[in-house]
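Visitor: I have a model open on my screen. Please show me how to read it, feature by feature.

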Amino acid sequence: MACALGSIATGSPACFGHSVNSASVFRHRQGTSRSVLARCTSRKWSTNEVYRLSACSENVCPLFLNFWHWTEQQLQRSWLTVKNRQQKLGLKVQSEKPLQHTLDSFSSFDGEGVGRAITGNLGSSSVVGNIKLTDSVRGDVRASATTIGEPSLSPHANIDDLTPSTTPFLTITVLGATGDLATSKIFPALFALYYSGHLPENVAIFGYSRSPLSDEDLRNLISERLTCRVDHAEECGNKTDAFLKRVFYQRGVYNTCDHMETLDSRMLELEGNGPANRVFYLSVPKECLLEVTNCLSASAKSKTGWTRLIVEKPFGDDADSSDKITRGLYQAGFSEDQIYRIDHLLGKELIENLTVLRFSNLVFEPLWSRTYIKNVQFIYSEDWGVCPGKERYFDEQGVIRDLVQSHMLQTIALFAMEPPVTLEGEDIRNEKVKVLRSMRAPTYADVVLGQYKASISKDGKSKIPGYLDEPDVRTNSLTPTFVATVLYIDNSRWDGVPFLVKAGKGLIKHSVEIRIQFRQVPGNLYRERFGYNLDAAANELVLRVQPDEAINLKVNNKVPGLGLQLDSSELNLLYRDKYDGEVPDSYERLILDVIDGDTHLFLRGDELAATWEILTPLLEEIENLKEEKDGI
C-alpha cells in the first residue's frame, strides 16, 4: 500500500497518485468505515485520529486492533502460566499490575502515535512498514513474555500480517554430558553463544548421561569451565547465573528408550504449548550411536518444530562401517538435512575465511589453479601426545582416521572447489563432493608413517613419554601417530598439482596451517640475484589457523640502498593486532550454524562416503602389512 498516513491527514497527494484529503476519503468509504470508527473509538481514539488511519485504507485499524487483541491474549496467557507455577511451587504470586500497565500503555496510543508507530517517518511514496512498540511497552512485554516455557513476543510485526510469529522454544540436549568434550568444549560454547545473544531467552539446555547427578550437580560441574571473554566481561556473573538456571540434567542409559521418554516429558514441561525446536548433540561412544538415535527418533523428536542431530566422529572405520552408520541414521527416521556431522577444525576462523579470501579478492581467484600454483601443503602438527583418556580410542583409529579422513580432506575440498552457484550450504557441499570424487586414492608407496618416541620437554625439565608408554596403548602397537602423503586431484584446474598432507602428534611444535607455494616467474630477470636456489624467489601465501591466526604473503623486494640486493619479505596480517576482541571458539561457530540451519561446514552423506573411498584402500593395505609383520 503506497501511502503514508501522516501525509494523507494533511491532504498531500499520497494515496494511489490522487490529491485527496482525509475527510473526502472517509466520506467516500463511509459505508465500510463505520465499523472501523466504532472499533477504534472503543479503544479511546477520537474521530479525527481515526481519519488518519482509515483515510488510506479501512484495513489498517482493524489489523492493528487484531494485533492489540493478540498481544492482550499472549500477555494474559504468559501471566497465568507464571501465576500457576508460582502457586504450584508455593511462592508468592506476583502482582497483575505490570500486565495491566502494559495493556493500558498499548491502548492509550493516540491516533498520531499509532500512525507514527506503523509508518515511522515514511515519505508520501513509501510502503507502510512495521509496527514498532514504544520503549515502555517493549520493556513490559519482554518482562511478561520471556519466561522459560513461554514464547517471546517480538517487538516488531509486519503490517501485512498482524499476527506476529512467536520465537520458538529451543531445547539443546548434550548426550554424554559428563565427558571431557562436553564439559571443556560444548557447554562453554553454549554459554558463549548465550552471553553474546545468539541463543534465545526461551532456551533450555539438558545434559544426559549415565552418571547419577542432579540438576545442581551438573551446574556445579560445568560452572568451573564457563568463562566470559575479555571483550564481553560486563555482567559476567549475572549472565552466568541466568545461563545455569537454564541447564538441567537427566540421568539415563543409551541402550533403552525409557529414559528418553522421561527426557521428552521434562522438555515438554519447559516448552509449553507453543512451537519448539530441538538440537541433540551426540557425544556418545560410537557403539551406542545408532541405539541412541533410534530412541531419540521414537521418543524425543520435537512434535511442533524441527529436530537436528550433531554427530561427533568417528564416522566409521572404513567405507563399509561408515555406510552402515549412515543407513542406520536414515532408518531411524532422520533425513540428511537433520544430520550435522561435526568437525571442529572446519569451525576455525581461517578455515571459514578460505572461501572469502578466494572468491572476494580478484588478486587471488585468477591464480587459484595449476597454472600458477606449484604445490599446496596442509600441515596439522601437535606438540603433545595422545590426550589423556583418549589413548584406547586413538590406538584403534590411528592418525589417518583421526586427522586425515575428516580434518584434512574437508579442508582440501573447501580450498580446491569450483565457485559454487550461491553460498547456500547445499551448493557449497555439491562442489566439495566433486573435488573428493576427483581425488586420486593414495597407495602405501605414497605414504610415510611414524610413531612419536619418548623425549625431553622444551624447557629440559621433564620427560615426555613415547606413544608405547602411554596408558591403554598396546605394548607392541603399530598404530601410526604421524603421516605424510601426497594427494592429487585429477581435474582440469588441479591436474598435476601435489597436495602435500603432514599430520601427527608428539611433534616439535604446534602448528595448523595451509601453505600455497606459487610457481617461478617465467624468465625472471633477477634470477642471478637468487643464485641457484630459485625456490627462494617463489611467492608463498600462508594461512595460519593455529596458533595466532594470521595471513602471510611472501614477496620479493629490493633492500633499500645503492646496490641491487633482493630480499624475501612477508606482508603480515596478524588477527590479534588487526582486530579487537577474541576469536570465537570453533564449537561456537558450528553449534550456531546448526541452530541457523547452515550446513556448509558439515559433512553430507555422499561427502563422507567419498572420503572413505579415497582412504579405505590405503587403510586395508596398511592393516595387511601389520598382520604380516606380526606374523614374522
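Visitor: Let me start with one residue. Is E513 buried or exposed?

Guide: E513 is buried, at a relative accessible area of 11%. Buried means under 20% relative accessible area, exposed over 50%, and partly exposed in between, with a 1.4 Å probe and protein chains only. Before going on, note that this is a predicted model: local features need pLDDT of at least 70, side-chain atom pairs count only at pLDDT 80 or more, and totals for chains, interfaces and linings use all residues. Residues are numbered from 1 along each chain as its sequence is written, and side-chain values use heavy atoms, with hydrogens and water left out.

Visitor: Which residue forms a salt bridge with E513?

Guide: Side chains of opposite charge can pair when their charged atoms come close. The rule here asks for a side-chain nitrogen of Lys or Arg within 4 Å of a carboxyl oxygen of Asp or Glu. The partner of E513 is R515, with the closest N and O atoms 2.7 Å apart. R515 counts as partly exposed, at 21% relative accessibility.

Visitor: How many salt bridges does the whole structure have?

Guide: The search finds 26. One of them joins K313 to D402, at 3.5 Å between the closest N and O atoms. This pair links distant parts of the chain: K313 is in the loop between β7 and α14, D402 in helix α16, and 89 residues separate them. Helices (H or I, at least four residues) and strands (E, at least two) are DSSP runs, numbered from the N terminus. Both K313 and D402 are buried.

Visitor: What about D490 and R440?

Guide: Their side chains meet in a salt bridge, 2.9 Å from N to O. D490 sits in the loop between β13 and β14 (499-504), R440 in the loop between α17 and β10, 50 residues apart. D490 is partly exposed, at 39%. R440 is partly exposed too, at 41%. There is also a network of salt bridges that links D264, E271, R278 and K303.

Visitor: Which residues line the largest cavity?

Guide: Among them are L345, F378, M408, E513 and V545. The volume of this cavity is about 70 Å³. β9 (373-381), α16 and β15 (511-518) each supply at least two lining residues.

Visitor: Where is a cis peptide bond?

Guide: One joins K313 and P314, with omega about 10°. P314 lies in the loop between β7 (307-311) and α14 (319-331). Another runs from Q546 to P547, with omega near -15°. P547 is in the loop between β16 (540-546) and β17 (550-558).

How values were computed
1 Å grid on protein atoms, 1.4 Å probe; cavity = no way out; pocket = protein on both sides within 12 Å on 5 of 7 lines; lining within 4 Å. Points joined across faces, edges and corners; volume = space filled by probe spheres on them.
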